[in-house]
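The following note sets out a few points for a colleague who is new to this entry. Please read it alongside the display below.

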Amino acid sequence: MVQSEAQPLLRVKDVAVHFGGIVALDGVSFEVARGRIVGLIGPNGAGKTTLFNCVSRLYDCDRGEIAFDGGSLLAVPRHRVAALGIGRTFQNLALFRSMSVLDNVMVGYHCRSRGGFLANALRLPHAVRAERRTAAKAREVLALLGLGALAAKPVAELPFGTQKRVELARALASEPKLLLLDEPASGLNHEEVGELGALIRELRERLQLTILLVEHHMSLVMGIADWVVALNFGRRIAEGAPHEVRLHPELVRAYLGG
Amino acid sequence: MRGRILFLGVLIVVACALPFLVSSYRTFQLTLVLVYAIALLGLNILTGYNGQISLGHGAFYALGAYCAAILIDKAGAPYWAVVPAAGGVCLVAGFLFGLPALRLEGLYLALATFALGVAMPQLLKYHHLEKWTGGVQGIVIAKPEAPFGIPLEADRWLYFFTLAVTLIMFVLGWNLLRGRIGRALVAIRDQHTASEAMGIHNALYKSLAFGVSAMFTGVAGALGALAVQFVAPDSFGVFLSIVFLVGIVVGGLASISGALYGALFIQFIPNIADEISKAAPWAIFGVFMIGFVYLMPTGVAGAIRLLLTRRRAQ
Ligand SMILES: Nc1ncnc2c1ncn2[C@@H]1O[C@H](COP(=O)(O)OP(=O)(O)OP(=O)(O)O)[C@@H](O)[C@H]1O
Ligand SMILES: [Mg+2]
């Protein structure tokens, strides 16, 4: 596959999703260029999470096309998406609640490590090495996010905001090219939201990430996004640089509930 | 870690000394404890770790037992060879049963496995299979003697043979559950959407968990057949499956050592209940069961873990 740097990393084209009578997405198209932070905004029920779920293949599109890194995503089985380089977090937390913080993040590295049932049961050398590498990777990511001291803690005992951060760590452990963040700032206070913005930018530089960010904290989105896509009722109503979109009449109307 | 290895060492020494301290009937009972421990570890991999309930694991135990008995009786296979053979057959059978079971969850999976559990004894009685299974009569097998002129009577020898297999199975289980695969199984149980998003092939892992679980239980069935020297359809009714489930809950779900505690419970509590009341032993058994679960809601293994962390905290 030829990968030109100019080619967008993610291309969403005319995607539609229905749930019974509800139209969750209605012909949405946009692109995410490499190395960018793209904000995806819109009022409740606009279809932002549904779009994430299409990209991670949890939902099937009724129509349209999603291409990642030049190849179609729609024929890829769910469990292969992570290995392609798409990592995500979930709006309503989807951690492995019985596990420690470290184990949660170690599961994040699953798609990068090898060793099946037999190799593990027999403790074959390559499985032992893979296990060591997995632990090292998880500790590295935890340190990067300042979670090192919590490694052994049962994840269910942590406050909501910290759990969100563990989910971020778990996603980063899979060494993604594209990171989908679904409301990473929920459960944080004003000051923490500011810190999170700085962290997301720093992660992009250090790990060469491309980020698609769903967030209701407008200050966060407008502060760190290079490009913003606005949805309402499953349609794209505006797109552009943050300062352009912010004042877009359609968006203002959508948020005022017009 | 040091303490744990020391504890395991002491446990193995005690396990080796025990048969010389008790009667050969008690030795036979201890052999069954080991057999049940393997079976319960198998069920725990599936239900405790992977979250797939099975009300029919007695069927895999029966399959293992019959494999062993038929291979010895019809093919003259040596007793030590039939154990891995039974494990292999059950691995395949479990995997194949696990494939359609993928579509089922929770109560529906419980019903499907229950159906397997009730069907198995009747399948074993099926008259076209009688040539191999011996029908209602079952199959009688001889007790293996100690090899190389080792001066051990048959009951004790079989105990040591079973102990060796138990150690192997527990080491395999430990390795499997402590690493990448064990984490993946628990991830699927805890949050199957996220596990798949992390790249875990849920369907494959769930079927393989079924296969591995059935393999453990089948190995136990083969060893059980050797110990009892007899297989018959009615010893593998659905009650056996339920008792296995009781064993993993009382011993501790998703716990390796829990399999051993559960095995002690399902082997000895019925005897104790019988001594307390000849008229209603199962009522007494029920009282014990409720008592255990009430006092130790996370099983014996969970209670021990709690005690240890509390002591360490002091
Ligand atoms: N699995 C589903 N089954 C039925 N309807 C669904 C499902 N998922 C989403 N929807 C519907 O699709 C629409 C879009 O929902 P979605 O969760 O994508 O919105 P959102 O933009 O993420 O909103 P929020 O900001 O509240 O998270 C809503 O009307 C929602 O009720
Ligand atoms: Mg949402």
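Is Q91(A) buried, partly exposed or exposed? At 26% relative accessibility, Q91(A) counts as partly exposed, that class lying between buried (under 20% relative accessible area) and exposed (over 50%), with a 1.4 Å probe and protein chains only.

1. This is a predicted model, in which local features need pLDDT of at least 70 and side-chain atom pairs count only at pLDDT 80 or more, while totals for chains, interfaces and linings use all residues. Residues are numbered from 1 along each chain as its sequence is written, chains are lettered from A and ligands numbered from 1 in the order in which they are written, and side-chain values use heavy atoms, without hydrogens and water.

2. T49(A) belongs to helix 1 (residues 48-55) and Q91(A) to the loop between strand 6 (86-88) and helix 3 (101-108) of chain A, so the pair ties together parts 42 residues apart in sequence. T49(A) is also partly exposed, at 24%.

3. Polar side-chain atoms of K48(A), Q91(A) and H216(A) each lie 2.8 Å from an oxygen atom of ligand 1. The protein covers 67% of the 630 Å² of accessible area that ligand 1 has on its own.

Key: Helix = DSSP H or I, 4+ residues; strand = E, 2+ residues; numbered from the N terminus. Polar contact = N/O pair within 3.5 Å; in protein donor to acceptor, adjacent residues only side chain to side chain. Areas by Shrake-Rupley, 256 points an atom, 1.4 Å probe, with all protein chains shown as cover.
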